[in-house]
Every structure is written in structure tokens, then in C-alpha cells.
Amino acid sequence: MPFTISFFISTMAFHTFVVLLCQVAVFLSFCTVGEGRYSIFRRFKEAQDTKQGSLFEEQWFTQKLDHFNGADTRVWKQMYFINEAFYRPGGPVFLMIGGEGPANPAWMEHGTWLTYAEKLGALCLMLEHRFYGKSHPTMDLSTDNLRFLSSRQALADLAHFRTMIAKARGLTDRKWVAFGGSYPGSLAAWFRLKYPHLVHASVATSAPVYATVNFPEYLEVVWRSLASENTECPLLVKKASDDLVERLKDPRTYDNITKDFNLCSKLQIQTDMDSAYFLETLAGNFMDVVQYNEDNRGFEGLTGTNITIKVLCSVMTDSSLGDPYARYAAVARLMMETFSMKCLDTSFSKYVSDMTNTSWDGPAAGAGRQWVYQTCAEFGFYQSTDSPNQPFAGFPLVYFLKQCTNFYNISAEQVAEAVTQSNEYYGAYNIRSSRIVFPNGSIDPWHALGITQDISADLPAIFIKGTSHCANMYPARSDDPPQLTLARDHIFLLLQQWLKQ
């Protein structure tokens with residue numbers, strides 16, 4: 001059985017949230033060094049200025065472009081950070097893994113991993129993921145260049161970085177521990193799996209280890225998470241969503257919809273992709289809030305952390321605002337106000353234009369074009385409305401698969417094959433390794449693709465009731481639920497035990 005922290009506690013949306021750039025994709029952010037719903041990740045997050053004064057200067061490491069072609073000698077500069085404040089001679093080395101977004105140096109000053117580092121005398125490093133942030137391996141983001149963007153290349157980056165930094169700093173015999181949350185959580189697990197001689201243990205938080213083309217379970221968890229606050233809440237969301245779908249069938253409603261949701265231009269629905277993009281953007285308000293509900297990531301410089309499941313459900317159950325449709329629109333306006341957005345852009349054609357811009361200065365270069373490519377070429381993870389047990393409608397699997405074709409000329413058949421290969425390569429739920437802990441939160445929709453039951457005594461799961469995506473990684477607060485505090489403590493005890501081995 002997993003280490004399940006089950007004290008009863010009542011638990012009180014990019015893509016967009018509302019303007020979100022990357023409608024497609026996981027994942028996951030990273031929770032740690034980047035951001036993501038597919039973790040992943042949304043346009044409104046890219047728009048926020050998370051740059052803060054930092055004590056830690058950018059460092060640069062010469063990295064290989066293609067680790068799997070010895071004849072290719074091209075190299076590039078990869079960004080990393082280092083914190084030596086807690087290091088004691090003979091101590092371990094902690095490596096925080098970057099993911100689908102810029103590496104944020106705030107993680108070198110805050111976070112549970114630093115609490116562990118202080119207690120264990122660890123040297124702390126954080127490596128930015130190739131193709132994200134300032135780590136640009138190629139001249140642009142053309143599809144031909146994106147073939148060098150993969151989890152396998154990223155793991156090889158980690159291996160080469162670990163090897164060379166260890167040699168340069170006399171750390172070859174030290175025990176290295178990998179940390180990551182969301183997609184980087186998966187990388188942390190896979191780093192230990194594929195390079196066991198280089199990494200002694202891993203903490204793989206909120207890590208989706210099972211690749212799947214269709215992931216409607218994400219929205220099923222959204223339903224359950226909303227219901228945990230108020231059983232009527234997801235029913236009202238469904239009524240509003242269904243009502244909106246019906247209105248979209250009549251062009252005479254478009255002027256009112258434009259006004260209701262404060263759209264930047266009059267609603268234009270000419271194809272199924274137009275309506276799907278619009279509906280997914282609005283659903284993203286709820287998806288984002290559920291994924292990051294009541295976490296403590298404000299230190300990263302992000303706004304909107306005060307918008308919780310409790311807040312959304314209070315709006316959706318407020319009859320003074322009108323019918324469920326009107327309340328749904330009120331949620332959208334609340335999110336726009338929170339993120340200082342003058343209007344909501346739901347133009348699918350603009351989204352396509354942004355996503356096919358291959359320049360490093362392009363509007364989707366912060367993470368959108370890259371992460372969606374990884375979903376098409378490796379993982380899938382498409383959060384479709386194909387399940388009847390969720391509150392939204394109108395963005396089926398085909399909507400996401402068409403984007404793979406439109407943006408990268410990757411067919412639906414190729415996506416399916418890529419997902420199969422990923423599971424064959426990494427083992428999906430059947431990871432065979434040791435000294436990896438898998439924390440997950442019950443509110444977080446990504447736990448549906450993670451390890452929530454112990455695989456073995458040396459591959460334990462920690463399932464934290466009532467917590468969201470990567471909650472255990474964020475700095476502790478006095479009002480943290482007891483099960484979250486226990487989870488952090490249990491991870492520390494595991495690290496203590498494993499570092500003695």
C-alpha cells in the first residue's frame with residue numbers, strides 16, 4: 001500500500017486560463033522550475049513577469065546537440081544555477097530538473113528541497129531543460145530542429161551535465177539525488193531508471209509516467225475535485241457548458257456571447273476547431289485552478305494563487321448572478337480581472353499563427369510550440385471531453401490531433417506510435433528500479449497518470465489527500481494541512497535512509 005496521508009480535510013483555469021496559448025498540451029510544469037498544466041502550462045503564465053531579484057547568477061554549460069549521434073559534434077550553451085550555501089564536505093548533490101518553461105531562480109532560494117538540503121548538507125543545482133527558457137540549442141523552432149527536443153535527449157543532457165560537473169568539482173563519488181515535479185518529475189524517475197550509475201535516488205513529484213493519446217480522465221478528476229468543495233458545483237459547470245454549446249449553434253447569439261465573455265473581437269465560429277478552441281479556453285479557467293488549488297507558489301512571482309476551487313464554486317453557486325451560464329461568464333471575467341486582461345482572445349486562427357511561428361521571439365516560444373510538439377512526438381496527454389463523467393463539452397480528441405498535423409505535420413497514427421514507444425522505453429506504470437519516491441495529490445488531475453500505489457518497498461508512493469499539483473515541493477506554511485506536512489517529512493526520512501545505503 002502507498003504511504004497515504006488521509007486525515008479528513010475539506011478541500012475547499014490554459015490554457016488559457018483565459019488566454020492561453022498552449023491549448024494543447026502537460027503537462028505538467030513544471031511545478032518546479034517552469035510551469036505547466038500539460039502541467040503544464042498556459043499563455044497567461046507566460047505573460048506574467050516572474051523575474052525577481054536573485055542571489056544566483058546564470059551559469060552556462062557546454063552541452064551536446066545530439067547525444068545519440070557520435071558524428072554530430074555540434075554543441076550549445078545550457079543554463080543552470082548553483083547554491084552552495086548548505087553544502088558540507090562529503091554531502092550529497094541535489095539536482096533539480098527543469099521542464100517545459102524557463103528555469104526560475106526563485107527555486108534556488110525557496111522550496112522543500114532546500115529544507116532537505118540544509119539538513120543533509122547538500123550542494124544544490126538546477127538545470128534548465130533544452131529548448132525552454134534561455135537554453136536554445138538551435139537557431140529557431142522549426143519542426144526540423146525540434147527533432148532534438150525529447151525526453152531522451154533531456155535525460156542525456158542530465159547525464160552529461162552530472163558527469164562533467166562532478167569531475168570539475170570533485171563530486172564524482174558523492175551521492176546525487178534528482179528532484180522534479182510534473183514532467184520534470186517524470187524525468188527524475190526516468191533519470192534514475194536509465195542512468196542508475198549516475199543518480200542515487202529520485203523524488204518524482206506529480207509525475208505522469210504513463211503516456212496516453214487520450215486523457216479524458218483529467219477532466220474526470222476536475223469534476224471530483226470541484227465536487228469535493230460542493231457537490232452542486234460541477235453539475236452547474238456542466239449546465240453552463242452545455243448551454244454555451246447550444247448557443248454556439250445559432251450565429252444570432254454570437255453578439256451576446258461576445259459581450260458576456262468580453263471577447264477581444266466578435267465571436268466567429270466557422271469550423272469545429274473554432275468552437276473547440278473557444279470552449280477549451282473557457283474550461284481552462286477551471287482546469288488551471290483545480291490543478292494548482294491552494295498551493296504555495298506565490299514565491300515564484302505568479303498572480304492568481306488566491307483563486308481557488310472554493311472561489312470558483314462560490315461564483316457557480318451564486319444565484320444572484322443569474323443562471324449557470326451567466327455564472328460561467330462571471331468566472332471568466334473574474335479571471336480576466338485577476339490577470340489584468342482587457343479582453344479575452346479566442347481566435348483559433350491567431351492561435352495557429354502563434355503556434356506556427358518558429359522564431360525564438362515568437363509569441364509561443366516561451367513554451368507553447370515546444371511543449372505541444374513534445375505531446376505530439378512523445379506523450380499525447382490530450383485532455384479531451386470524450387468522457388461522459390466530466391463537466392465540459394466540445395473539445396474532443398480529434399481537435400488536439402489536428403493540431404499535431406497543422407503545426408508539425410505529425411499524423412494521428414504517428415502520435416499513437418510515439419506514445420506506444422514512450423511506454424515501451426520507460427515502462428509506464430511498471431517501472432523497475434529502486435530508490436524513487438512518487439508523491440501525488442488527490443486534487444491534482446495528473447495523479448491519474450502517476451504512481452499512487454507502492455510498486456515495491458524501494459519504489460514507494462505517497463498519495464496526499466486534498467492537495468494539488470506538486471504541493472509537497474512548495475515552501476511549507478503554518479496552515480498547511482497535516483497530511484501535506486507528513487508527506488514532506490516522510491520524503492525526508494526516505495532520503496535519509498537511502499543516502500545511508
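Predicted model: local features only at pLDDT ≥ 70, side-chain atom pairs only at ≥ 80, totals over all residues.
A search of the whole structure finds 3 disulfides. In one of them, Cys233 is joined to Cys313 with an S to S distance of 2.2 Å. The torsion about the S-S bond of Cys233 and Cys313 is about -90°, and the disulfide is therefore left-handed. Because Cys233 belongs to helix α7 (residues 233–247) and Cys313 to helix α10 (residues 309–316), the pair ties together parts that are 80 residues apart in sequence. Both cysteines, Cys233 and Cys313, are buried.

A further disulfide is formed by Cys264 and Cys343, whose sulfur atoms are 2.0 Å apart. Here the torsion about the S-S bond of Cys264 and Cys343 is about 95°, so that this disulfide is right-handed. Cys264 is placed in the loop between α8 (254–260) and α9, and Cys343 in the loop between α11 (324–338) and α12 (348–355), so the pair ties together parts that are 79 residues apart in sequence. With a relative accessible area of 38%, Cys264 is partly exposed, and Cys343, at 25% relative accessibility, also counts as partly exposed, since the partly exposed class lies between the limits of 20% for buried and 50% for exposed residues.

The disulfide of Cys376 and Cys404 has an S to S distance of 2.0 Å, and with -85° about the S-S bond this link is left-handed. Cys376 lies in helix α13 (residues 368–379) and Cys404 in helix α14 (residues 397–408), so the pair ties together parts that are 28 residues apart in sequence. Cys376 is buried, as is Cys404. Another cysteine, Cys124, has a relative accessible area of 0% and is therefore buried.

Attention now turns to the packing of two helices. Helix α6 (residues 217–229) packs with helix α9 (residues 272–291) at an angle of about 70°, and their axes are 10 Å apart. As angles of 65 to 115 degrees count as roughly perpendicular, α6 and α9 are therefore roughly perpendicular to each other. On the side of α6, the contact involves Tyr218, Leu219, Val222, Ser225 and Leu226, which meet Phe286, Met287, Val290 and Gln291 in α9. The residues of this contact of α6 with α9 comprise 7 nonpolar and 2 polar residues, with no charged residue among them.

The strand considered here is β10 (residues 436–441), which is mostly covered, with 6 of its 6 residues buried. Ile436, Phe438 and Asn440 point one way from β10, whereas Val437, Pro439 and Gly441 point the other way, and all of these residues are buried. Strand β10 pairs with strand β7 (residues 201–205) in the parallel sense over 2 bridges, and within this pairing Val437 in β10 is the bridge partner of Val203. Strand β10 is also joined to strand β11 (residues 461–464) by 4 bridges, and these strands likewise run parallel; the bridge partner of Phe438 in β11 is Ala461.

Conventions: Residues numbered from 1 in each chain as written. Heavy atoms only, no water. Axes fitted to C-alpha atoms, helices over the stretch in contact; angles between N-to-C directions. Parallel < 35°, antiparallel > 145°, perpendicular 65-115°, else oblique. Contact = heavy atoms within 4.5 Å. Nonpolar A, V, L, I, M, F, W, Y, C, P; charged D, E, K, R; others polar. Disulfide = S-S within 2.5 Å. Buried < 20%, exposed > 50% of the residue type's maximum accessible area, 1.4 Å probe, protein only. Pairing = 2+ DSSP bridges.
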